[in-house]
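Trainee: I would like to learn how to read a model of this kind, one feature at a time. Please give the general idea before each case.

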Amino acid sequence: MAHTAHESNTKRIWVVFGILSVITIIEVILGIDKPKALYMTNLLSMNLLNWIFIILTVVKAYYIMWAFMHLEGEKGSFRWSIVGPLVFLIIYLVFILLVEGNYIFDVFKNSDYRWIF
Amino acid sequence: MGATVTTTATNGKTWDGGNEPMGASYGKMMMWFFIVSDALTFSGFLAAYGFSRFKFIESWPIADEVFNHFPFMHGVDAPMYYVALMTFILIFSSVTMVLAVDAGHHMKKTKVAVYMLLTIIGGFIFLGSQAWEWKNFIQGTYGAVETKGGLILQFVDKDGKRVALGDFAAHLPKEREQLTRNKGVWYMSDAHATPNYSVEQVVEGFKANPDLLIRSEFNTKDKTKTVLSREESLKKLNDVKYVVEGANLIRNEYGHKLFANFFFFITGFHGFHVFTGVLINILIFFNVILGTYEKRRSYEMVEKVGLYWHFVDLVWVFVFTFFYLV
């Protein structure tokens with residue numbers, strides 16, 4: 001850590017705090033209001049509002065990891081040895097589990113098996 | 001840099017120790033790789049939660065109806081505000097943490113200590129908020145009944161507004177008392193706390209109030225819950241087995257059983273991380289005050305616990321999205 005020059009990052013920190021706050025406020029407004037144009041849609045088994053929430057969350061995660069956890073100041077090899085496995089494994093796991101969950105829902109809904117109630 | 005160049009001049013440097021792969025010190029790198037593994041643990045939990053939600057997509061509770069409390073505003077429907085406040089508290093404590101790291105780079109001991117203290121206070125406020133959230137969740141607001149098949153039935157009036165059990169349950173003589181140690185000769189623990197109302201009281205009260213209807217777990221096309229007609233409601237009441245008030249690990253009044261389990265487990269595991277984060281921050285705070293890092297001429301330790309603290313914030317951002325927004 002000693003070799004990188006440590007000029008003060010205070011301004012950057014407050015800018016990132018501003019960005020995170022604005023994103024959170026947008027999320028809360030959308031979450032309370034739930035505009036019908038977004039909420040009643042369906043894209044790949046989820047409504048557009050949920051997609052917006054997830055994208056905004058990833059943007060927030062990017063700012064926290066890059067600015068607060070200072071990944072932007074690390075070497076590229078270090079940065080990607082952290083972010084690469086996370087991105088790959090999480091997308092992989094989530095994809096498999098959600099598809100499977102959806103499939104089980106379909107089986108119970110449409111096949112001869114029934115919920116007992 | 002020099003590490004990959006194989007000339008005789010740099011060979012000595014490469015193998016003589018003091019070399020930092022990927023330009024990060026040992027401690028920082030290991031903190032990062034711990035965070036990677038912990039992040040995967042949390043993703044496992046959240047993915048399992050997503051799996052269950054997709055599996056029961058038609059009967060999952062609507063978060064806005066569950067988390068709608070705000071301090072000092074009783075009976076006011078305030079979805080999201082409280083949890084948004086908690087998010088801000090945690091993001092702000094992340095900001096003070098990163099300011100402490102920044103001050104550490106400039107070897108400003110007092111500034112580091114002040115910012116660390118603010119971070120610790122933010123952490124405690126967050127923990128307190130979470131405790132309050134849990135208290136509301138466990139206590140419940142309206143109460144519900146459960147059928148033999150495990151379906152939760154809630155009660156609404158003609159306008160679809162929720163009605164609490166206490167507002168209509170008939171007053172019948174209690175046939176069952178909670179068994180406690182001082183009442184029993186031979187003490188056996190009572191399996192479950194006795195609810196305030198018995199099934200008979202709820203059923204009688206429902207029959208006596210023609211305005212009441214039952215709301216089932218299942219979603220309609222408009223993504224609200226299905227309200228049964230009066231006849232269907234009365235028929236459904238024959239299957240009622242339990243009165244459910246609030247939430248525990250077995251059943252909850254909000255809807256599907258897994259909902260409370262995932263809520264307790266994931267927010268609990270995150271809260272545990274916040275708690276350990278606060279403890280570690282306190283340790284480092286005292287080290288800063290004692291001048292440990294001043295003597296070491298490096299505040300890198302503040303940076304390492306900072307990484308952990310930001311990670312806790314990072315996880316909360318995802319928990320916030322998947323439990324309260326989506």
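Trainee: How many helices and strands does chain B have?

Mentor: Chain B has 10 helices and 5 strands. Helices (H or I, at least four residues) and strands (E, at least two) are DSSP runs, numbered from the N terminus. This is a predicted model, in which local features need pLDDT of at least 70, side-chain atom pairs count only at pLDDT 80 or more, and totals for chains, interfaces and linings use all residues. Residues are numbered from 1 along each chain as its sequence is written, and chains are lettered from A and ligands numbered from 1 in the order in which they are written.

Trainee: What percentage of the residues in chain B are buried?

Mentor: A residue is buried if 20 or more other C-beta atoms lie within 10 Å of its own, exposed if 12 or fewer, and partly exposed in between, with C-beta atoms placed from the backbone. Of the 326 residues in chain B, 37% are buried.

Trainee: Which strand order does the open sheet have?

Mentor: Strands of a sheet pair through backbone hydrogen bonds, either parallel or antiparallel. Two strands count as paired if DSSP finds at least two bridges between them. In chain B the order of the 5 strands is β4-β3-β2-β1-β5, with antiparallel pairing. The edges are β4 (225-227) and β5 of chain B; each has a single partner strand, so one side of each is left without a neighbour in the sheet. On average, neighbouring strands of this sheet are turned by 35° against each other, direction ignored.

Trainee: Which strands pair with β1(B), and over how many bridges?

Mentor: Strand β1(B) (residues 144-147) pairs with β5(B) (residues 240-244) over 4 bridges in the antiparallel sense. β1(B) also pairs with β2(B) (residues 152-156), antiparallel over 2 bridges. Take Val145(B): its bridge partner in β5(B) is Val243(B), and its partner in β2(B) is Leu153(B). Glu146(B) likewise stands opposite Tyr242(B) in β5(B) and opposite Ile152(B) in β2(B).

Trainee: Is β2(B) mostly covered or uncovered?

Mentor: β2(B) is mostly covered, with 4 of its 5 residues buried. On to its pairing with β3(B) (residues 213-219): 3 bridges join these antiparallel strands, and Gln154(B) stands opposite Arg215(B).

Trainee: At what angle do α4(B) and α10(B) pack?

Mentor: Two packed helices are described by the angle between their axes and the distance between the axes. Axes are lines fitted to C-alpha atoms, for helices over the stretch in contact, and angles run from 0 to 180 degrees between N-to-C directions. α4(B) and α10(B) pack at about 160°, with their axes 9 Å apart. That makes α4(B) roughly antiparallel to α10(B); angles over 145 degrees count as such, under 35 as roughly parallel, 65 to 115 as roughly perpendicular and the rest as oblique. By class, their contact has 12 nonpolar, 5 polar and 2 charged residues. Here Ala, Val, Leu, Ile, Met, Phe, Trp, Tyr, Cys and Pro count as nonpolar, Asp, Glu, Lys and Arg as charged, and the others, Gly among them, as polar.

Trainee: How do the axes of α2(B) and α8(B) cross?

Mentor: The axes of α2(B) and α8(B) (residues 257-290) come within 11 Å and cross at roughly 165°. That makes α2(B) roughly antiparallel to α8(B). Residues making the contact include Phe45(B) and Tyr49(B) of α2(B), and Phe262(B) and Phe269(B) of α8(B). This contact divides into 8 nonpolar, 1 polar and no charged residues.

Trainee: How many residues of chain B are in contact with chain A?

Mentor: Two residues are in contact if their C-beta atoms, placed from the backbone, lie within 7 Å. By that rule, 47 residues of chain B are in contact with 46 residues of chain A. The elements that give two or more residues to this side of chain B are α2 (26-55), α4 (81-105) and α10 (300-325). α2(B) gives the most, with 13 residues. By class, this side of chain B has 27 nonpolar, 15 polar and 5 charged residues.
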